[in-house]
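Student: I'm new to this one, and I'd like to learn how to read its features. Please show me the picture and take me through it.

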Amino acid sequence: VSPSVAHAVSQAIRLSQVPRVEVFISLIWEPPLDSAAKLQSIREELGVIDLMVLPRSPEPDRVWRHLERLKAKGLLKALGVKDFKAEEVEFLPHGGAAVEYALCAFTPYRHGPSRSTWRRFGQRSIALAATGLLSDSPRPLRPREDPHVLAIARRVGKTGAQVLLRWALQLGLAVTFHAERPRHVAENLAALDAPELALAELQLLSSPIRE
């Protein structure tokens, strides 16, 4: 969630009648949140912020220390980073010990972090999550329309989006996606029931992952 749409998200949760305890709120850090009043207003809209994600920036140290203090006060439950390399996490204050989650762009065309980064995050028990999996904007050919993806989709009787989600899940990634229509949400969640992809199919979609 971006702070700019916190009010809309709050209204959507209320209209859905889904208990707030069943909704996990992840917020992307933006400069206006430096203001205690702004952060408090967002907390009043959304309730507890389960995860605050800091995007990669030239000098993240000051903001990271601020986030650590907010977490220590119980205003945030967990901290994460977006598009950081493993070594950049290690250079955060306290060696980035508070990092529990790392978000990165990940598609068949753009495999995100290197194998080395995957290993180092895994050694630190940092959850690695994929974003942009279904669209990979601004590329003209969306991953879910790729001929290789559609060929696999025909074999397993699923959609291209479901194949991509199953691929990422089998690689051990968490997945985030944007969906405006209930049927798209249902389609994406159905990937959890999709059959596992064959090894050759995993290798096809994963090649070449950078060393």
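Tutor: Start with pairing: two strands pair if DSSP finds at least two bridges between them. Helices (H or I, at least four residues) and strands (E, at least two) are DSSP runs, numbered from the N terminus. What you see is a predicted model, where local features need pLDDT of at least 70 and side-chain atom pairs count only at pLDDT 80 or more, while totals for chains, interfaces and linings use all residues. Residues are numbered from 1 along each chain as its sequence is written, and side-chain values use heavy atoms, with hydrogens and water left out.

Student: In what order do the strands of the open sheet come?

Tutor: Strands of a sheet pair through backbone hydrogen bonds, either parallel or antiparallel. Here six strands form an open sheet in the order 1-2-3-4-5-6, and the pairing is parallel. At the edges sit strand 1 (26-28) and strand 6 (174-175), each pairing on one side only.

Student: How many bridges join strand 3 to strand 4?

Tutor: Four bridges, with strand 3 running parallel to strand 4 (residues 99-105).

Student: Why is strand 3 described as largely enclosed?

Tutor: Five of the seven residues of strand 3 (residues 76-82) are buried, so the rest of the structure largely encloses this strand. Buried means under 20% relative accessible area, exposed over 50%, and partly exposed in between (1.4 Å probe, protein chains only).

Student: Now the helices. How do helix 6 and helix 7 cross?

Tutor: Two packed helices are described by the angle between their axes and the distance between the axes. The axes of helix 6 (residues 147-156) and helix 7 come within 8 Å and cross at roughly 95 degrees. That makes the two helices roughly perpendicular; under 35 degrees would count as roughly parallel, over 145 as roughly antiparallel, 65 to 115 is roughly perpendicular and the rest is oblique. Helix 6 makes the contact (heavy atoms within 4.5 Å) through Val149, Leu150, Ile152, Ala153 and Val156, and helix 7 through Gly160, Val163 and Leu164.

Student: And which residues of helix 7 meet helix 9?

Tutor: Val163, Trp167 and Gln170 of helix 7 meet Leu202, Leu205 and Ser206 of helix 9. The axes of helix 7 and helix 9 (residues 199-206) come within 11 Å and cross at roughly 95 degrees.

Student: Is glutamine 162 buried or exposed?

Tutor: Buried, with a relative accessible area of 7%. Glutamine 162 belongs to helix 7 (residues 160-170). Leaving aside neighbours within four places in sequence, glutamine 162 contacts Glu187, Ala190 and Ala191.

Student: Where should I look for positive phi values?

Tutor: Most residues other than glycine have a negative phi. Aspartate 83, in the loop between strand 3 and helix 4 (86-90), has a positive phi near 65 degrees, and aspartate 83 is partly exposed at 35%. Histidine 94 lies in the loop between helix 4 and strand 4, with a phi of about 60 degrees. At 65% relative accessibility, histidine 94 is exposed.

Definitions and conventions:
Axes are lines fitted to C-alpha atoms, for helices over the stretch in contact, and angles run from 0 to 180 degrees between N-to-C directions.
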